[in-house]
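Subject: A structure for you to look at

Dear colleague,

I am handing over the structure we spoke of, and I would ask you to open it beside this message and to look for each part as you read. My notes on what was found in it come after the structure itself.

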Amino acid sequence: MAMAIGARSLLLSALVLMAGLLCSALQTDVSYCDNDADYAVKVTGLEISPFPVKRGRETSFSISAQTGVNITNGKLLIDVEYIGIHIQQTKDLCKETSCPVSTGDFVLTHKETLPILTPPGTYTLVMTMVGEDGKKLTCITFNFHIDFWAGNDLPEPVLAY
């Protein structure tokens, strides 16, 4: 009887852990900042590596997109929000992708290493791509999650009963 209860508890714990991971994966859906805007750059996908994001390690945000205009220069405005606190930075678009960007498909890759002391929780990232003329080419937003144990300095959790 004790073995059956232990096995059931372990199975329940595994299901809860898997459900938590699935919820984290669903939070990487990309939305446009303004669904009514006719952006020149259409985002077709997002890949975050490693996933989930780990503190103290480089994270790569690769954004697949399509454009109907040639892009020769521009900026990326990145705003990361956590519990009402915003951290903003501006990046040279041509350092995040190869310029010039011709019409068609392209990939923009932003890499960031989060400090080892980054608190766990859900973060919202807003990325605005601005062309050299100052015109907004696209604006997307997505959430990502950092688990309590997601870092080099902390051991992965061990379930023991």
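A disulfide joins C94 to C99, with 2.0 Å from S to S, and please keep in mind here and below that the model is a predicted one. In general terms, a disulfide is a covalent bond between the sulfur atoms of two cysteines. The torsion about the S-S bond of C94 and C99 is about -90°, and therefore this disulfide is left-handed. As for how open its two ends are, C94 counts as partly exposed at 26% relative accessibility, and C99 is also partly exposed, with a relative accessible area of 27%.

The count of disulfides comes to two, and the other link is between C33 and C139, again with 2.0 Å from S to S. The link of C33 and C139 is left-handed as well, with -65° about the S-S bond. Because C33 lies in the loop between β1 (31-32) and β2 (41-49), while C139 lies in strand β8 (residues 136-146), this pair ties together parts that are 106 residues apart in sequence. If you count the bonded cysteines along the chain, the disulfides of the protein follow the pattern 1-4, 2-3.

Next, please turn to the strands, and begin with β3. Seven of the ten residues of strand β3 (residues 58-67) are buried, so this strand is largely enclosed by the rest of the structure. Strand β3 pairs with β2 in the antiparallel sense over eight bridges, and you can find this pairing by looking for V41, which stands opposite T67 in β3.

The last topic is empty space. Rolling a probe the size of a water molecule over the atoms shows where empty space is left. How many cavities of 30 Å³ or more does a search of the whole structure find? The search finds one, and the largest cavity has a volume of about 40 Å³. This cavity is lined by F61, I63, I78, H110, L125, M127 and F142, and β3 and β7 each supply at least two residues of that lining. Sorted by class, the residues of the cavity lining divide into six nonpolar, one polar and no charged.

There are also pockets to consider, and the largest pocket has a volume of about 340 Å³. Of the 18 residues that line the largest pocket, V80, I87, L114, T118 and Y123 are the closest to its centre. The elements that give two or more residues to this lining are β4 (74-82), β5 (85-92), β6 (104-113) and β7 (121-131). By class, the lining of the largest pocket has twelve nonpolar, four polar and two charged residues.

Conventions:
Residues are numbered from 1 along each chain as its sequence is written. This is a predicted model: local features need pLDDT of at least 70, side-chain atom pairs count only at pLDDT 80 or more; totals for chains, interfaces and linings use all residues. Side-chain values use heavy atoms; hydrogens and water are left out. A disulfide is a pair of cysteine sulfur atoms within 2.5 Å. Helices (H or I, at least four residues) and strands (E, at least two) are DSSP runs, numbered from the N terminus. Buried means under 20% relative accessible area, exposed over 50%, partly exposed in between (1.4 Å probe, protein chains only). On a 1 Å grid over the protein atoms alone, a cavity is a set of points where a 1.4 Å probe fits but cannot get out, and a pocket is an open set with protein on both sides within 12 Å along at least five of seven lines; lining residues have an atom within 4 Å of a point. Grid points are joined across faces, edges and corners, and a volume is the space filled by probe spheres set on the points. Ala, Val, Leu, Ile, Met, Phe, Trp, Tyr, Cys and Pro count as nonpolar, Asp, Glu, Lys and Arg as charged, and the others, Gly among them, as polar. Two strands pair if DSSP finds at least two bridges between them.
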